[in-house]
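Student: I would like to learn how to read a model of this kind. Can we go through it one feature at a time?

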Amino acid sequence: MARMKVAVLISGRGTNLQALIDACATPDFPAEIKLVIANRADAAGLARAAQAKIATAIIPHRDYATREAFDAALTAALVQAGSELVCLAGFMRLLTPGFVAHWRDRLINIHPSLLPAFPGLDTHARVLAAGVRFTGCTVHFVRAEMDNGPIILQAAVPVLPGDDAERLAARVLEAEHRAYPQALRFIAEGRAKIVQEHVEIAGAAAHFDIMLNPPS
Ligand code: GRF
């Protein structure tokens with residue numbers, strides 16, 4: 001079967017991008033990354049893509065007068081690459097409703113909390129301030145509202161005594177690196193279906209470990 005053509009949008013270090021690159025390099029993985037786009041020339045993730053011989057594009061948001069013009073440039077590059085699915089991986093720009101509508105059900109994001117708890121930035125500091133015992137990560141389809149949309153997969157991670165934001169972030173990041181490739185696999189295999197804004201995954205019971213609480 002043809003592999004799903006994927007594009008990844010990044011702004012920074014790209015460790016989730018790396019997890020997706022590594023997954024796509026394994027035999028029989030049902031997706032391939034055709035393009036990595038960064039909105040910053042200094043995004044360290046660009047080197048990861050180049051290392052893996054994946055095409056890259058730098059589309060600096062500052063070059064565009066409006067968010068709409070920037071998003072139109074993104075869409076043009078994504079279409080040109082034949083993208084069937086767009087993965088946001090630490091992409092630090094808010095996308096316009098028009099972009100989100102264009103890529104509806106073909107645009108996914110990873111966020112380092114158990115959404116709908118703790119959307120937005122400084123997640124781990126806010127998790128610690130709230131005193132919750134579990135946090136985690138969420139891979140979801142993107143809707144217009146930030147960090148919102150049908151949930152594909154979540155992994156739970158314990159908050160441990162003595163954690164600071166950095167330690168907690170590192171523990172959650174390990175879970176992210178397992179969760180994002182697994183979510184991509186579900187979609188590329190055609191097993192993720194959105195029914196009334198909830199994602200149903202065929203045969204998900206076999207993946208109960210990662211969907212609940214992967215060991216760190
Ligand atoms: C991750 O924590 C991701 O959940 C969030 O931004 C961070 C990106 O990290 N959206 P990296 O660039 O993938 O290392």
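Student: How many residues of domain 1 are in contact with domain 2?

Tutor: Bear in mind that this is a predicted model. The domain assignment places residues 1–103 of the protein chain in domain 1 and residues 111–216 in domain 2. In domain 1, 21 residues are in contact with 15 residues of domain 2. The C-alpha centres of the two domains are 20 Å apart.

Student: What area is buried between domain 1 and domain 2?

Tutor: Interface size is often quoted as the accessible area that is lost when the parts come together. Here the buried area is about 1,600 Å², and carbon and sulfur atoms give 77% of it.

Student: Which elements give two or more residues to the side of domain 1 that touches domain 2?

Tutor: They are β1 (4–10), α1 (15–24) and β4 (85–88). The largest share comes from α1, with 6 residues. By residue type, that side of domain 1 divides into 17 nonpolar, 2 polar and 2 charged residues.

Student: How many salt bridges and how many residue pairs in polar contact are there between domain 1 and domain 2?

Tutor: The salt bridge count is 0. For polar contacts, the rule finds 3 residue pairs across the interface, with both residues at pLDDT 80 or more.

Student: Now the ligand. Which residues surround the ligand?

Tutor: Start with the list of neighbours, then look at individual atom pairs. The ligand is surrounded by Arg13, Gly14, Thr15, Asn16, Gly90, Ile110, His111, Pro112 and Glu176.

Student: Let us finish with the backbone. Is the peptide bond from Leu115 to Pro116 cis or trans?

Tutor: Read the omega angle. That bond is cis, with omega near 10 degrees. Pro116 sits in the loop between β5 (107–111) and α5 (123–130).

Terms used
Residues are numbered from 1 along each chain as its sequence is written. This is a predicted model: local features need pLDDT of at least 70, side-chain atom pairs count only at pLDDT 80 or more; totals for chains, interfaces and linings use all residues. Side-chain values use heavy atoms; hydrogens and water are left out. Domain bounds come from an automatic or database domain assignment. Contact means heavy atoms within 4.5 Å. Buried area is the accessible area (1.4 Å probe) that two parts lose on being put together, summed over both. A salt bridge is a side-chain nitrogen of Lys or Arg within 4 Å of a carboxyl oxygen of Asp or Glu. A polar contact is a pair of N or O atoms within 3.5 Å; within protein, one must be able to donate a hydrogen and the other to accept it, and residues adjacent in sequence count only if both atoms are side-chain atoms. Helices (H or I, at least four residues) and strands (E, at least two) are DSSP runs, numbered from the N terminus. Ala, Val, Leu, Ile, Met, Phe, Trp, Tyr, Cys and Pro count as nonpolar, Asp, Glu, Lys and Arg as charged, and the others, Gly among them, as polar. A residue is near a molecule or strand if one of its heavy atoms lies within 4 Å of it.
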